[in-house]
Amino acid sequence: MDIRFHTALMIGATGMLRAALDAVATRSERVLAVSRHAGLSLRHRPVSPGDGMAPIVPLDLDWQQPDSFMTGIEAAIEGARLDLVVIWMHGSGQEALRRLLRQLAGRPDCLVVHVLSSAAGDAAAFRAALSREAGGPVLCRYRTVKLGAIMNGLSFDRWLTHEEISRGVIRAILTAEDVVVGSVPAGR
């Protein structure tokens, strides 16, 4: 299946989600990569004409500064047909995350894939919070990728690799369904 996106916004995807960022670039016309040091993280990314990858525009924005973060996002997506957003934000960016999700909730043509750590709450709680924050119907397609760990029977074996996490994000994008990567303890 060859899913194409006009504009993809990838937040927190220059490190652990780098493989997902590159995969999205092969399916997009334009990709916006947001992190505190996106320009530095992407400066050595080889791009050659005809490689099938969209240009990745680095946006150096810090979600710990919600006003400037949102101003930068709004300027970057103004007039764009934003149809994919991947979000991997740590707990330090909760205010920026709430404001971003509030804005995205009203976009019916947008798939929002929210990556949640193993310590984050249940995906259903995030979906319910989105409805409350939006103050109305949620029109975007909101999906989650819940990260777990690799288990050996009932015992912890190891954390997920970046590649495993990126594959889970790509699966969520291609299927537009919630995804759990690895094993997650009951109640999480």
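**Figure 1. Nonpolar surface patch with Met151, Phe156 and Trp159 in the predicted model.** Together, Met151, Phe156 and Trp159 have about 350 Å² of accessible area, and they form a nonpolar patch on the surface. Tryptophan 159 belongs to strand E8, which covers residues 155-159. With a relative accessible area of 56%, tryptophan 159 counts as exposed because this value is over 50%.

Figure 2. The relative accessibility of histidine 114 is 2%, so the residue counts as buried. Its side chain makes a polar contact of 2.7 Å with the side chain of tyrosine 142. Leaving out residues up to four places away in sequence, histidine 114 touches Ile87, Leu97, Phe126, Tyr142, Arg143, Thr144 and Val145.

**Figure 3. Cysteine 110 in the loop between helix H4 and strand E5.** Helix H4 spans 94-104, and cysteine 110 lies in the loop between this helix and E5. Cysteine 110 has a relative accessible area of 0% and is therefore buried. From cysteine 110 to aspartate 83 the C-alpha to C-alpha distance is 4.0 Å, although the two residues are 27 residues apart in sequence. Neighbours within four places in sequence aside, the contacts of cysteine 110 are Leu82, Asp83, Leu84, Val85, Cys140 and Arg141.

**Figure 4. Glutamate 95 in helix H4.** Glutamate 95 is partly exposed, at a relative accessible area of 35%. Glutamate 95 and valine 24 are 71 residues apart along the chain, and a distance of 26 Å separates their C-alpha atoms.

**Figure 5. The largest nonpolar core and the contacts of valine 86.** In soluble globular proteins, nonpolar side chains tend to be buried together. The largest nonpolar core here has 34 residues, of which Leu17, Val31, Leu84, Val86, Val145 and Leu147 touch the most other members. Two or more residues of this core come from each of strand E1 (5-11), helix H1 (18-25), strand E2 (28-35), strand E4 (82-87), E5, strand E6 (141-147), helix H6 (162-175) and strand E9 (179-181). Apart from this core lies another one, of 27 residues, including Ile11, Leu82, Met89 and Val112. Valine 86 is in contact with Leu9, Met10, Ile11, Leu17, Val113, Val115, Val169 and Ile173, leaving aside neighbours within four places in sequence.

Key:
Residues numbered from 1 in each chain as written. Predicted model: local features only at pLDDT ≥ 70, side-chain atom pairs only at ≥ 80, totals over all residues. Heavy atoms only, no water. Buried < 20%, exposed > 50% of the residue type's maximum accessible area, 1.4 Å probe, protein only. Polar contact = N/O pair within 3.5 Å; in protein donor to acceptor, adjacent residues only side chain to side chain. Contact = heavy atoms within 4.5 Å. Patch = residues over 30% accessible without salt bridge, like charges linked within 9 Å, V, L, I, M, F, W, Y side chains within 5 Å. Areas by Shrake-Rupley, 256 points an atom, 1.4 Å probe, with all protein chains shown as cover. Salt bridge = Lys/Arg side-chain N within 4 Å of Asp/Glu carboxyl O. Helix = DSSP H or I, 4+ residues; strand = E, 2+ residues; numbered from the N terminus. Core = buried A, V, L, I, M, F, W, Y, C linked by side-chain atoms within 4.5 Å.
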